[in-house]
Amino acid sequence: MNIILFGPQGSGKGTQAETIAKDYGLYHLSMGEELRKEIKAKTPIGKKVESIMAKGELVPVEITSQIAIKISKLKESKKGIVFDGYPRSPEQWAFMNKNFKIDAAIELDLSEKESVNRIASRRTCPKCGKNYNLIYLKPKVAGICDVDKEKLIQRNDDKPKEIKKRLEIYHSQTEPLKKEYQKLKILSIIDGEQSIEKVHTDIAKILKKK
Ligand code: AMP
């Protein structure tokens with residue numbers, strides 16, 4: 001089973017994708033996280049994408065295609081993949097549609113205002129990439145990652161100017177893909193402003209029918 005989870009920044013895609021992946025034995029492919037791994041490892045891809053990501057822009061389609069194919073060949077992705085933050089543009093969707101059979105595309109709907117609020121209070125572990133929120137998803141010890149005990153940071157691309165750019169890209173390039181999902185009858189929309197537990201229950205209901 002392959003699932004696309006999409007929604008504006010702060011909609012909780014990453015948190016939900018992590019749980020779904022565990023529940024259904026799927027591989028959680030966070031495209032942003034895969035790219036950050038490349039940067040950390042100073043690979044040729046990492047060097048190419050670092051400045052693009054710092055500005056909050058989309059990295060070239062050749063790179064996301066390469067990563068999607070690489071992950072799909074990993075053993076543990078056998079049962080399927082939860083795609084988090086991919087596809088984000090018509091070109092990426094065209095590639096995905098050719099190479100993967102998608103069973104469900106689930107939108108976590110969120111207002112612009114709530115998205116900006118959530119991102120402003122998001123903090124991230126620089127080591128494992130786990131996200132927290134100062135208001136509704138606090139770490140056990142303030143400012144420290146539960147898993148790695150690293151000091152949490154605010155990502156550079158979560159700062160106001162960069163987040164404005166990322167939301168613009170979401171609305172102009174990612175959101176319109178809904179039409180394509182609708183045509184294939186795989187689109188479901190969930191209210192992303194509900195609690196984490198309620199969103200998870202709603203996703204489980206949709207997947208039960210697949
Ligand atoms: P995220 O972790 O999902 O917020 O993504 C962080 C950044 O990684 C984005 O602002 C883009 O620069 C890059 N990125 C993530 N996913 C994609 C994608 N599907 N296509 C192009 N760039 C991406």
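This report looks at one helix and at the ligand site of a predicted model.

**Helix α1**

Helix α1 covers residues 13–24, which makes 12 residues, and its span from the first C-alpha to the last is 16 Å, close to the 16 Å expected at 1.5 Å a residue. Which residues of α1 are buried? They are K13, Q16, A17, I20 and A21, where buried means under 20% relative accessible area. Seen down the axis of α1, these buried residues fall within an arc of 135°, so they line one face of the helix. An α-helix has 3.6 residues a turn, so residues three or four places apart point the same way. The cover over the buried residues of α1 includes the strands β1 (3–6), β2 (27–30), β3 (81–84) and β4 (104–109), together with the helix α9 (196–208). After α1 comes G25, which has a positive phi, near 65°.

**The ligand site**

The ligand is surrounded by 16 residues, and the closest of them are E57, G85, R88, Q92 and R166. Helix α2, residues 31–40, gives the most to this shell, with four residues.

| Residue | Polar atom of the residue | Ligand atom | Distance |
|---|---|---|---|
| R36 | side-chain | oxygen | 2.9 Å |
| G85 | backbone | nitrogen | 2.9 Å |
| Q92 | side-chain | nitrogen | 2.6 Å |

On its own, the ligand has 480 Å² of accessible area, and the protein covers 95% of that area.

Conventions. Residues numbered from 1 in each chain as written. Predicted model: local features only at pLDDT ≥ 70, side-chain atom pairs only at ≥ 80, totals over all residues. Heavy atoms only, no water. Helix = DSSP H or I, 4+ residues; strand = E, 2+ residues; numbered from the N terminus. Expected span 1.5 Å × (residues − 1). Buried < 20%, exposed > 50% of the residue type's maximum accessible area, 1.4 Å probe, protein only. Arc of directions from axis to C-beta. Contact = heavy atoms within 4.5 Å. Near = heavy atom within 4 Å. Polar contact = N/O pair within 3.5 Å; in protein donor to acceptor, adjacent residues only side chain to side chain. Areas by Shrake-Rupley, 256 points an atom, 1.4 Å probe, with all protein chains shown as cover.
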